[in-house]
Every structure is written in structure tokens, then in C-alpha cells.
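Hi,

Here is the structure I promised to pass on.

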Amino acid sequence: MGPHSRILIHEYILQHATPSNSTSPSSQGSDTAVRDNKSLGHTQAPKELLSNYGAGRVRQYNLDLVMMSLLNAQERTLDGFIKLGEASGLEFVKLWDFGEMSAVEFKLPEAAEQS
């Protein structure tokens, strides 16, 4: 993978209707344990609205239930994809929201690009 290469994962990503604090597994215990939504590339609705702007996205939740009942598994959330990328040695760049589906963008960490 070159220094300017990117990996995009196009997938259903569960987005909760209620606000939550996203944390990076690598930064837990540090001052930056809570990621802000801008750094995630995700804009959260104002406090008066549901955090996903009230979007139904029922297909994502149906697939999550199907995976749970058939495979004893679940659809991944954004935090789950970030953990997967970090476990693979990749750095999270941005969440691209396409409506029902999304893409998660990863790149090599800065230190790996220079070596």
C-alpha cells in the first residue's frame, strides 16, 4: 500500500438514534479518549433532534436482527469498524454517509507512511 492509498469499506453501518460517546480503543485512558464527531467525519443533529436526524434506516436494523438470529452475530457500528481498522494497522480517516449505506475510509498511519 502506498502512502497516498486509501481503503474504502462500503457497508451497512449501524447508526444509533440516541447520542453516544465514541471512543478510540487506542486512546482510552488519555486526554483524547472521547472522539468528537467532526474528527469522525460525522455530523450529529442538534440536541433537540435524534442524533441520526430521525432517519429510519430500518434495513440496517433488520439485517442486524437477521444476523443475530441466524448467525449469532451483529452488524458493525462505526466504533466496530474503527477497532477493526486499528487492529489491522490502519488509521481511520472519515465516514462517508450515502443514506442507507456508508463507506469507511482508512489509510496507513503517519509513522508507517514515512518508513
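**Salt bridges and the rest**

Glu-110 is partly exposed, with a relative accessible area of 39%. Its partner in a salt bridge is Lys-107, with the closest N and O atoms 2.6 Å apart. Lys-107 itself is buried, at a relative accessible area of 12%. Keep in mind that this is a predicted model.

The structure holds three salt bridges. Another one joins Arg-6 to Glu-105, where the closest N and O atoms are 3.1 Å apart. That pair links distant parts of the chain: Arg-6 sits in the segment before strand S1 (7–11) and Glu-105 in strand S5 (residues 102–107), 99 residues apart. Here Arg-6 is partly exposed, with a relative accessible area of 39%, while Glu-105 is buried at 10%.

Then there is Glu-100 with Arg-59, whose side chains meet in a salt bridge at 3.5 Å, N to O. Glu-100 lies in the loop between S4 and S5 and Arg-59 in helix H1, so this pair ties together parts that are 41 residues apart in sequence. Glu-100 has a relative accessible area of 34% and is partly exposed; Arg-59, at 45%, also counts as partly exposed.

Now for a charged residue without such a partner. Glu-75, in the loop between helix H1 (58–71) and helix H2 (78–87), is buried yet has no salt bridge. The nearest side chain of opposite charge is Arg-76, 7.7 Å away, and a salt bridge needs the nitrogen and the carboxyl oxygen within 4 Å. Leaving out residues up to four places away in sequence, Glu-75 touches Glu-11, Tyr-12, Leu-14, Gln-60, Leu-63, Asp-64 and Met-67.

Going on to H2, the buried residues there are Leu-78, Phe-81, Ile-82 and Gly-85. They cover an arc of only 100 degrees around the axis, which puts them on the same side of H2. Just after H2, Gly-89 takes a positive phi of about 80 degrees.

Trp-96 belongs to strand S4 (residues 91–97) and counts as partly exposed at 35% relative accessibility.

As for the overall picture, the protein has three helices and five strands, running β-β-β-α-α-β-β-α from the N terminus on. Of its 115 residues, 28% count as buried. Among contacts between residues at least 6 apart in sequence, 61% join residues at least 24 apart. The accessible surface comes to about 7,500 Å², with 55% of it belonging to carbon and sulfur atoms.

Cheers

Key:
Residues numbered from 1 in each chain as written. Predicted model: local features only at pLDDT ≥ 70, side-chain atom pairs only at ≥ 80, totals over all residues. Heavy atoms only, no water. Helix = DSSP H or I, 4+ residues; strand = E, 2+ residues; numbered from the N terminus. Buried < 20%, exposed > 50% of the residue type's maximum accessible area, 1.4 Å probe, protein only. Contact = heavy atoms within 4.5 Å. Areas by Shrake-Rupley, 256 points an atom, 1.4 Å probe, with all protein chains shown as cover. Lys, Arg positive; Asp, Glu negative; His and termini not counted. Arc of directions from axis to C-beta.
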